[in-house]
Amino acid sequence: MEKHYDAKAVEAKWYPFWEENGFFHDTPESGGKPYTVVIPPPNVTGILHMGHALNNTVQDIMVRWRRMQGRNTVWLPGTDHAGIATQNVVERALRKEGLTRHDLGRDKFLERVWEWRGEYGGTIARQLRKLGASCDWQRERFTMDEGLSEAVREVFCQLYDEGLIYRGNYIVNWCPRCLTALSDEESEHVDTDGSFWHIRYPIADSDDFLIVATTRPETMLGDTAVAVNPSDERYAALVGKSIILPLLKRRIPIVADHYVDPAFGSGVVKITPAHDPNDFMVAQRHNLPSINVMHGDGSMNEEAGAYQGMDRFECRKAIVADLEKEGLLEKVEPHQHAVGHCYRCDTVVEPRLSKQWFVKMKPLAEPALAAVKDGRISFIPSRWEKTYCEWMENIRDWCISRQIWWGHRIPVYTCSECNHEWAARKTPESCPECSATGSAITQDSDVLDTWFSSWLWPFSTFGWPQQTNDLKFYYPTHDLVTANDIIFFWVARMIMAGLKFMGDIPFSQIYIHGTVRDDKGRKMSKSLGNSIDPLDVVEATSADALRFSLMMITATGQDVYVNMDKFEIGRNFGTKMWNAARFMKMHMEKTPLDWQALANEGDPVLDAAQLTDDDRHLLTVCDNTSTALTDHLESFRLQDGARLIYDFLWTDLCDWYLEAVKNDLYEAAPQRRETVLRVMTHVFSKGLRMLHPYMPFITEELWHQMGYGAAEESIMRATFPTPMTAAVAKDYGMTTTVVEAVEARRELITAGRALRADYGIAAAQQVRFIIHVNEVANAARLEAARDVLATLLRAEAVEIKVSAEALPIPGTLVKIGTIYLPLEGLIDIPAEIKRLNGELDKARGFLKGVEAKLSNESFVSKAPAAIIEQQRLRKDELGETIERLERLINTLAQ
């Protein structure tokens with residue numbers, strides 16, 4: 001083995017080996033129990049970001065673990081065509097050529113989009129490979145491929161024929177930049193500092209006026225009424241009369257409607273049916289006209305009078321100035337409110353009256369709501385179930401039409417000869433009503449919302465509407481791993497679609513992971529300049545380091561805070577494993593055993609007479625670790641799993657066991673030496689298999705370097721560890737008593753090492769320890785491990801006896817007794833007392849400074865909470881340091 005681990009070379013070697021040999025692929029014909037995961041399809045425009053890294057690492061851990069358990073595993077990858085986002089990318093490219101999509105026409109423009117997809121659409125798939133994602137690339141799908149397009153048309157036609165898809169004039173969220181309608185979920189609300197303009201609306205045939213407040217003065221040009229609450233006595237006499245719309249001088253009615261809150265503002269609201277969803281409903285009840293005063297691009301149209309041609313925000317300023325000039329502006333108040341923004345381009349969304357296609361969601365939502373409430377589908381963490389249920393209980397119809405060209409074109413056709421409208425799965429040759437053909441038949445020009453194909457993902461990707469073997473075997477899928485921001489966009493809709501079209505839930509568990517943030521708690525974004533590119537982390541450390549570090553610092557369902565330093569956790573752990581493997585292999589090469597057979601045997605074949613407490617302890621902890629790890633993975637406690645493996649391999653194996661058996665490997669009799677090697681091989685091979693889902697590359701390399709697997713095999717097809725049978729464990733003396741005894745001895749050794757450090761005695765300096773033990777049995781176990789004790793304490797002599805006598809020398813009380821360190825001849829006691837007093841004075845000085853800060857009201861009120869907490873922790877640390885130094889000085893002074 002090379003002295004240093006070369007992550008780049010290893011990762012470049014093993015991924016092609018896995019993919020080319022079909023290790024990620026399974027089929028129904030292989031049989032067994034299926035385990036299916038579908039990837040949340042990233043946008044075809046996307047590049048890997050830290051959120052993808054977290055999401056796909058979690059999925060890959062689950063998939064690799066289930067694969068090693070022997071499940072028939074499929075992790076299906078693919079990409080989403082991302083209608084608005086992809087069209088925007090291609091249109092930007094066209095603008096650089098001085099062209100628009102309209103210059104090309106629809107067909108030529110779509111050709112350009114497909115060309116772009118062919119050139120750039122595979123970027124994120126290549127990046128996922130860099131991460132180590134063990135997707136079944138033979139099954140890769142795209143939401144615009146022919147099979148999925150067939151599924152989209154089938155679903156649309158079924159819903160249309162059942163009356164669950166309809167077209168109507170409704171207020172929709174409109175993006176003036178993308179020139180398309182958006183669903184409610186695609187309009188992201190941002191708290192924004194704005195104003196409330198209080199405007200005087202003159203009452204017709206009167207010198208009085210009503211005060212109406214608005215946050216969008218430009219929309220007043222489309223007012224067709226003002227409304228008051230019917231129970232509001234202040235305005236009862238005015239209901240049925242008219243007001244004169246300021247600026248445009250249009251006469252409009254005063255209506256009474258329970259929608260108006262009489263306690264809010266003046267109790268009078270303007271009704272603008274074409275530009276507000278609530279006003280639209282009021283207008284429907286009172287038979288009011290709707291006047292749209294804007295073009296699709298947000299500029300004012302001919303209905304805006306003198307303001308025609310202005311941008312909506314330019315118009316706002318002009319209207320406010322004109323109102324002020326005419327004495328119609330009562331006052332202006334600052335007002336913070338939530339303003340919708342396009343989820344793709346961040347443009348302020350405009351509520352706009354438009355003819356669109358909708359899906360009736362209530363009939364679809366009811367069974368999907370029941371599936372969560374009755375436990376067939378569960379969320380991890382469970383708190384997301386409440387969020388899901390509240391949304392489903394208040395669901396609104398889904399606007400599914402988009403005024404763009406890239407996407408699934410709505411399969412609705414109209415005959416100009418007889419005005420018949422119908423939905424068709426294939427392009428019709430003639431009208432089914434009057435048999436007209438050719439140009440008489442036109443297709444709706446809109447395309448479907450991107451999510452209309454994504455909500456079918458768990459079953460369309462396996463061949464639906466065809467009843468394929470894949471669909472029958474792999475549906476329903478099992479676990480879905482995603483972020484909370486697409487619970488409504490995607491998760492809820494997939495549940496509705498699965499129940500509607502497959503008659504079964506699409507998955508049984510939904511793991512909602514947190515958001516990746518910087519170490520200041522801010523969401524990562526280009527605008528803040530705080531993003532960390534996961535591929536930069538891979539380049540600087542390794543894919544394994546990225547994956548393992550993320551899992552070590554990410555609690556279940558919680559946000560994760562990262563900086564580049566945190567990825568050293570995984571790199572350092574990988575280096576530790578490499579160095580431990582080199583040490584073990586060096587000794588394995590001196591003993592000709594069948595390491596492959598030993599690494600893959602169920603129960604290890606060991607000479608019980610040769611086993612020590614250290615051997616038994618390691619074997620027991622190894623089995624306990626595999627049991628606990630399985631439990632953690634079952635519950636998506638991936639951080640607990642990572643820490644468990646880390647502690648077992650780094651602490652139990654490397655720091656304690658390998659150090660304890662070094663003398664046996666170099667000096668012991670052949671039988672004992674072979675036993676140590678057998679124990680190491682059994683445990684390390686299990687450790688690599690446990691670690692593999694987290695760190696696939698280094699574990700594959702070490703599996704082969706150690707001779708645990710044949711050249712053509714992979715660790716990912718090795719069996720995930722389980723404990724040895726109870727009878728064998730009993731024969732080997734693997735008991736709780738042994739574990740407790742070794743843990744107690746470790747505590748003793750740790751205390752002895754601390755005594756050395758307290759008095760500044762170098763690790764290389766030989767010392768003598770005296771151990772007073774509280775029980776005869778404990779003394780016997782320590783006597784049996786005297787050589788190990790001396791080695792790990794770096795002691796020339798260790799005296800062990802059963803005694804409760806307290807010696808007048810430095811010592812530390814531990815569970816099984818007290819360990820003493822005679823200092824005679826080791827240190828200059830007066831000089832050491834002087835040194836410790838100097839340290840004590842420094843610590844007291846530092847403590848005084850910290851206490852002064854924390855007692856300063858100005859500091860406590862102005863400093864960030866993290867800084868205050870840091871100072872409090874510092875105070876506690878200094879207090880402990882002072883207590884320790886005083887104890888050491890008192891001991892030396894006796």
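Trainee: How far is the sulfur of Cys415 from the closest cysteine sulfur, and is that near enough or too far for a bond?
Mentor: This is a predicted model, in which local features need pLDDT of at least 70, side-chain atom pairs count only at pLDDT 80 or more, and totals for chains, interfaces and linings use all residues. Residues are numbered from 1 along each chain as its sequence is written, and side-chain values use heavy atoms, with hydrogens and water left out. A disulfide is taken here as a pair of cysteine sulfur atoms within 2.5 Å. The closest cysteine sulfur to that of Cys415 belongs to Cys434, and the separation, which is too far for a bond, is 3.5 Å.

Trainee: Is Cys415 buried or exposed?
Mentor: Buried means under 20% relative accessible area, exposed over 50%, and partly exposed in between, with a 1.4 Å probe and protein chains only. Because its relative accessibility is 0%, Cys415 counts as buried.

Trainee: What does the count of disulfides come to by this rule?
Mentor: A disulfide is a covalent bond between the sulfur atoms of two cysteines. With the distance rule applied, the number of disulfides comes to 0.

Trainee: Which cysteine has the sulfur nearest to that of Cys399?
Mentor: Cys399 is in no disulfide, and this residue is buried, with a relative accessible area of 6%. At a distance of 13 Å, the nearest cysteine sulfur is that of Cys342.

Trainee: How many helices and how many strands does the chain have?
Mentor: Helices (H or I, at least four residues) and strands (E, at least two) are DSSP runs, numbered from the N terminus. The C-alpha trace of the chain spans about 110 × 70 × 55 Å along its principal axes, and buried residues make up 54% of its 894 residues. The chain has 31 helices and 29 strands.

Trainee: Which strand do 5 bridges join to β1?
Mentor: Two strands pair if DSSP finds at least two bridges between them. Thr36 stands opposite Val74. The strand that runs parallel to β1, at residues 72–76, is β2.

Trainee: What is the handedness of the β-α-β crossover from β1 to β2?
Mentor: A crossover is right-handed if, with the strands pointing away from the viewer, the path from the first strand over the helix to the second runs clockwise. The chain passes from β1 through helix α2, residues 50–68, to β2, and this crossover is right-handed.

Trainee: In the open sheet of β15, β23 and β22, which strands stand at the edges?
Mentor: The 3 strands follow the order β15-β23-β22 with parallel pairing. One side of each edge strand is left without a neighbour in the sheet because each has a single partner strand, and these strands are β15 (378–380) and β22 (479–483).

Trainee: What does the twist average from one strand to the next?
Mentor: Axes are lines fitted to C-alpha atoms, for helices over the stretch in contact, and angles run from 0 to 180 degrees between N-to-C directions. From one strand to the next, the average twist is 25°.

Trainee: Which helix packs on the sheet, touching β15, β22 and β23?
Mentor: Contact means heavy atoms within 4.5 Å. The helix in question covers residues 487–502 and has a direction that makes about 160° with that of β22; this is α15.

Trainee: At what angle are the ring planes of Phe379 and Tyr388?
Mentor: Rings of Phe, Tyr and Trp (its six-membered ring) pair if their centres lie within 6.5 Å, and planes under 30 degrees apart count as stacked, over 60 as edge-to-face and the rest as tilted. The structure holds 41 aromatic pairs. In the pair of Phe379 and Tyr388 the centres are 5.4 Å apart, and the pair is tilted because the planes stand at 45°.

Trainee: How many residues apart in sequence are the parts that Trp464 and Phe501 tie together?
Mentor: The rings of Trp464 and Phe501 have their centres 5.9 Å apart and their planes at 55°, so this pair is also tilted. Trp464 lies in the loop between α13 (457–460) and α14 (469–474), whereas Phe501 lies in helix α15, so the separation in sequence of the parts they join is 37 residues.
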